[in-house]
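Here are a few notes from my pass through the model, jotted down point by point. Have a look at the structure first, then read on.

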Amino acid sequence: MGKVWFIGAGPGSPDLLTIRGAKLISEADVVVWARSLVHEGVLEHASPDAEIVESTTIPLEGVRGMYERAVVEDLKVARVHSGDPSLYGAVLEQIELCEEIGLEWQIVPGVSSLGAAAAAIGRELTVPEVSQSVILTRRASRTPMPNNEDIKGFARHGTTMAIFLSAAKPRALQEDLLDGGYAPETPCAVVYRASWPDEKIIECRLEELADRIREAGFTRQALILVGPGLGAGGTRSHLYSPAFSHMFRKASQEA
Ligand SMILES: C[S@@+](CC[C@H](N)C(=O)[O-])C[C@H]1O[C@@H](n2cnc3c(N)ncnc32)[C@H](O)[C@@H]1O
C-alpha cells in the first residue's frame with residue numbers, strides 16, 4: 001500500500017526536528033526535501049539505503065510519479081516540509097493526490113518559524129491585558145488573498161500580527177499596517193532565517209519598518225511581527241499569580 005508522512009522539519013536548526021519526525025525519516029525508503037527551505041542536517045537521520053529526492057525542481061506532476069511508485073512498491077515516503085506543515089505548507093494538493101491514487105498519508109507537526117522567531121527575540125506573543133490574540137497572515141502575491149483578509153482590516157484589531165511571506169514589498173506592507181490603525185511607534189520585529197546560523201533580527205518602530213527591511217536586504221525567509229505586545233511589560237498571567245486558584249492550586253490567602 002505504501003504511505004507518505006508530511007513531516008514538519010522545524011524552522012531551520014536540525015535539532016528543532018521532533019523526535020517523531022526523526023524516527024519516521026530514519027524508517028523511510030524515500031526522503032523528499034527542499035534544499036532551499038530545510039537544513040541538510042535533517043537528512044542525517046535518513047537510512048544509508050534511502051533514496052533522497054531534492055524537491056525544489058519537481059512540480060506536482062513529478063511528485064505524482066513518486067507517490068504512485070510508493071503505492072505499487074509499498075514504500076514509506078518521508079516528505080519533509082519547513083516549519084509546521086499546517087502553515088503555508090502546500091500539503092492540501094498533495095493530500096488530494098494521495099486520496100486520488102490510494103496512498104495512505106499522515107501529517108507530523110513541526111516547530112513553526114512563528115515559535116522560532118518569538119524565541120529569537122525573547123518575547124511572548126500573548127501579553128495579558130495587552131494582546132491575547134495573534135493573527136497569522138501574509139500579503140497577497142501570486143497567491144491572492146480571500147475577501148476580508150487584507151492586512152489593513154486585520155490591523156484594525158491592534159493585536160499581535162505575524163506576517164509570513166511578505167518581506168519583498170515592505171513599503172506597501174508598512175502603509176497597510178499604518179492605514180489599518182497601528183500607531184507609527186508600534187513595536188515590530190523582523191526575524192530572518194530564525195534558528196539558522198545566519199539568523200538576523202531587526203527590532204524597530206512601525207514607521208521605520210520598510211526602511212529597515214530594505215537596508216537589511218531581506219526579501220524572503222523573514223517573519224514580520226507587529227503589535228504593542230512586543231514592547232509591553234503587560235501584567236502577569238493569572239495562571240501563575242498567587243491570587244489565582246485553579247484545578248491544581250488554591251490561591252494563597254495573603255495574595
Ligand atoms: C511557505 S512559508 C512556510 C512556513 C512554515 N510552514 C512555518 O511553519 O514556518 C515560508 C515563510 O515562512 C516564514 N519562515 C519560514 N522559515 C523561517 C525562518 N527560519 N525564519 C523566519 N521566517 C521563516 C517566512 O515568512 C517565509 O516567507
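**Notes on the model**

1. Let's start with tyrosine 182, which counts as buried because it has 23 C-beta neighbours inside 10 Å, and 20 or more is what burial takes. Bear in mind that this is a predicted model.

2. Where does tyrosine 182 sit? You'll find tyrosine 182 in the loop that links helix 6 (170–180) with strand 8 (187–192). Setting aside neighbours within four places in sequence, tyrosine 182 is in contact with Ala155, Gly158, Leu177, Leu206 and Val226. Proline 144 is 38 residues away along the chain, and its C-alpha atom is separated from that of tyrosine 182 by 23 Å.

3. On to the ligand. Of the 23 residues around the ligand, the ones that come nearest are Gly83, Ser112, Ser113, Ala194 and Leu223.

4. What's the make-up of the shell around the ligand? It divides into twelve nonpolar residues, eight polar and three charged. Domain 1 (3–108) and domain 2 (113–230) each supply at least three residues of the shell.

5. Strand 4 (residues 76–81) is worth a look too: five of its six residues are buried, so call the strand mostly covered. Strand 1 (residues 3–8) runs parallel to strand 4, joined by six bridges, with glycine 8 opposite histidine 81. Strand 2 (residues 30–33) also pairs with strand 4 in the parallel sense, over three bridges, and there valine 32 stands opposite arginine 79.

Methods:
Residues numbered from 1 in each chain as written. Predicted model: local features only at pLDDT ≥ 70, side-chain atom pairs only at ≥ 80, totals over all residues. Helix = DSSP H or I, 4+ residues; strand = E, 2+ residues; numbered from the N terminus. Buried ≥ 20, exposed ≤ 12 C-beta atoms within 10 Å, placed from the backbone. Contact = placed C-beta atoms within 7 Å. Near = placed C-beta within 6 Å. Nonpolar A, V, L, I, M, F, W, Y, C, P; charged D, E, K, R; others polar. Domains from an automatic or database assignment. Pairing = 2+ DSSP bridges.
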